[in-house]
Amino acid sequence: MARAARILAVTMGLLCLAGPTFAATTEVPPKDIHWSFDGPFGSYDQEQLQRGYKVYREVCSSCHSMNMVAFRNLGDPGGPFWNPKYPNPNDNPVVKTIAKDYQFPDVDSETGDAIKRPGTSADYFPAPFANPAAARASNGGALPPDMSLLAKAREGGADYIYSIVTGDRAEAPHGLNVPAGRYYDPYIAGDLGSFWKGDPAKTPPGGFIAMPPPLVEGRVTFDDGTKATLNQESKDVAAFLQWAADPKLEERNRAGLGVMIFLLLFAGVLYASYRGVWRDVGH
Amino acid sequence: MSGPSTYEPKSAIERWLDTRLPVIRFSADLMAYPTPRNLNYWYTFGGILSFCLAVQIVTGIVLAMHYDPSGAGAFVSVEQHIMRDVNYGWLIRGLHANGASMFFVAVYLHILRGIYYGSFKAPREVLWLLGCVIYVLMMATAFMGYVLPWGQMSFWGAKVITNLLGAFPLIGKPITTLLWGGYSVDDPTLNRFFSLHYLLPFVIAAVVALHVWALHVPGNNNPTGVNVQSKSDTLSFHPYYTVKDGFAISLFLILFAIFVFYLPDALGKVDNAVPANPLVTPAHIVPEWYLLPFYAILRAIPDKLMGVLALAGSIGVLFALPWLDTSKVRSMRYRPAARVYFLIWIVATGALGWCGSQEPVGQVIPGLTGPMLIDYDLNSVTWLSRISALYYFAYFLVITPLLGLRETTLPVPDSLYTPVLPHDAGAPVGASPVLATEG
Ligand code: HEM
């Protein structure tokens, strides 16, 4: 057993080789937030997801698409509007109402004419721009990334998104030449050397982002009465984006617990049989 | 297979089948295969590797049912369809993606075990060569598999690695074009990679069968490296090693499950959650962890063609190892000097792996600016790669051949179980009461 443990330790050591990569650019590490979905027993805070959805819908979705998420997903287990009364999310009245608020292009099956019809739970979130070129044209040449996987596509995940949107960006360091339509952000990886007038050794960490600070205090009104501080809005929207990128987290953690208990028992039984079979055998 | 068959058909049906297609005899003999009694846990990785291959094939076939090998559809079919809509798709993909890493963890430990105990030496050279073939096929399979989700790292990884072939004069360009199916990495590349990624694991399975065959002719090596001399040196594979391998697999599964359920993306790169975009180069193009040492060797050399040749050579020396090692003693248990050089080799290879994940100009000791040597700072990742790569090759090409001729070895036991069994003075070897209880 001790030998097996040593081998396990070596194995773990080998995996540590998969360490983080070195960056030639600089950035400030994202703020470390305590999330309800952290750790092996983590789960989403449904009220937080509902608030986060509201921030996404009323603010972020005017620039950022979320192509991989359908309205029905909002009613999936672990989702913002999951209700055990509606195991099929397509029946969930909240989901249906949300979807109905949007108009989708379709074809009239009788006449073949192009029409608009209200959304259904099966529709995917509509994108704010017809195509990337249109998105760039409205955003000073920068493309707002699709948000379906944003939390999984950035080092730091929800912490990073939270840090970007709370931004300490209003106050760009004195001596930094910020180009028009760009904003200084310490959490964005960048190399500001050529924009810095001061001592090169004191070049501020971080980079520029083309997104104006999207949130201010009171930008949305939360339905559950929570005070809409900048901090609250940012946290909630980051949690919602984490859910959007990893909607199976709760299912995975739950399955993982069962699997780990089973495997530990299974290993125990096998170890006992191993000792039994090898008892009295010289080796 | 060695040794006479011990199988006795028990029923009329078994006797009938035995004279027509003796599959039961074949399996029974495999299970009863006489195996050295002193195999330790390092010998469980063979079983673990077979298990890994089975997991990759089963999960891969299910993934292929839902996967769309087209530039426009691949990313969506994986990240939207498989990960969100397919029942337990997240689990199947989690097992397959992390399973590839687990497979490499196991194969690396298996190879280290082979080098340490001298399992590559006569009469097991063919067994070793087949193992090296499996390893190369695994790398090719994993590389092409990593391209399939068609994220940024998939695309750019494919581009960087396939471009290497272009370094060869004359044949380089046509081969690259053939591999790409055009003049850049695009849909045709993805299609052929998918086809090959589906094919190669079955080729691996076939080579594994040969590998096991080549194992069963000379029989297992063991931690002492001393040959099996009599039946009392061995135990039947079943139940002794089925239960030991089974226990090891269960521990391995715990490690595997920690990654699948709790750290599903820890071994991947965040860039691969961004769809492939030929117009945007990621800041750092880095291969998966299991290929990093070779990537570092490649980049250590300023000339592209020489770099590619060094990369090929670093794997090639593994094939040549049985003929490079001159030592009469198999196991490093009795080769104290060899043990030290081997340990340094492991450290050097680990350092190469680390270098592969870093920028070539990165500092090894942060904050320290060393003297400039030719093209890079001495305290740079590039120079650490060069020094480590030099040791990597020197270990195989210089140290191993010379050491075998000059080293002082410790006394090698007469029999593979004497070091373990308490010596019963006077009792003839093999007549120990402990042995007698085993049927
Ligand atoms: C030697 C065994 C194998 C290895 C080492 C291997 C490795 C890999 C790797 C590293 C990936 C990328 C994982 C990711 O990031 O998502 C992948 C993807 C994939 N593999 Fe395999 N694989 C093996 C066998 C198979 C087999 C036998 C099949 C099919 C019959 C298969 C089908 C697929 C498919 C469809 C994908 C794309 C889906 C995805 O990315 O998750 N693989 N493989």
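Predicted model: local features only at pLDDT ≥ 70, side-chain atom pairs only at ≥ 80, totals over all residues.
1. Across the interface of domain 1 and domain 2 of chain B, the rule finds one salt bridge.

2. As for the division of the chain, the domain assignment places residues 30-285 of chain B in domain 1 and residues 295-412 in domain 2. The centres of domain 1 and domain 2 of chain B, taken over C-alpha atoms, are separated by 24 Å.

3. Between the two domains of chain B, 32 residues of domain 1 are in contact with 29 residues of domain 2, and about 2,700 Å² is buried between them, with 71% of that area on carbon and sulfur atoms. On the side of domain 1 of chain B, the residues that lose the most area to domain 2 are B:Ile115, B:Tyr116 and B:Lys121, which together account for 23% of what that side buries.

4. On polar pairing, the count between domain 1 and domain 2 of chain B is twelve residue pairs in polar contact, with both residues at pLDDT 80 or more.

5. The elements giving two or more residues to the side of domain 1 that touches domain 2 are helices H5 (89-116), H6 (125-147) and H7 (152-165) of chain B, and H6(B) supplies the largest share of that side, namely eight residues. By residue class, the side of domain 1 of chain B that touches domain 2 divides into 21 nonpolar, eight polar and three charged residues.

Note on methods
Residues numbered from 1 in each chain as written. Chains lettered and ligands numbered in written order. Heavy atoms only, no water. Domains from an automatic or database assignment. Contact = heavy atoms within 4.5 Å. Buried area = accessible area lost by both parts, 1.4 Å probe. Salt bridge = Lys/Arg side-chain N within 4 Å of Asp/Glu carboxyl O. Polar contact = N/O pair within 3.5 Å; in protein donor to acceptor, adjacent residues only side chain to side chain. Helix = DSSP H or I, 4+ residues; strand = E, 2+ residues; numbered from the N terminus. Nonpolar A, V, L, I, M, F, W, Y, C, P; charged D, E, K, R; others polar.
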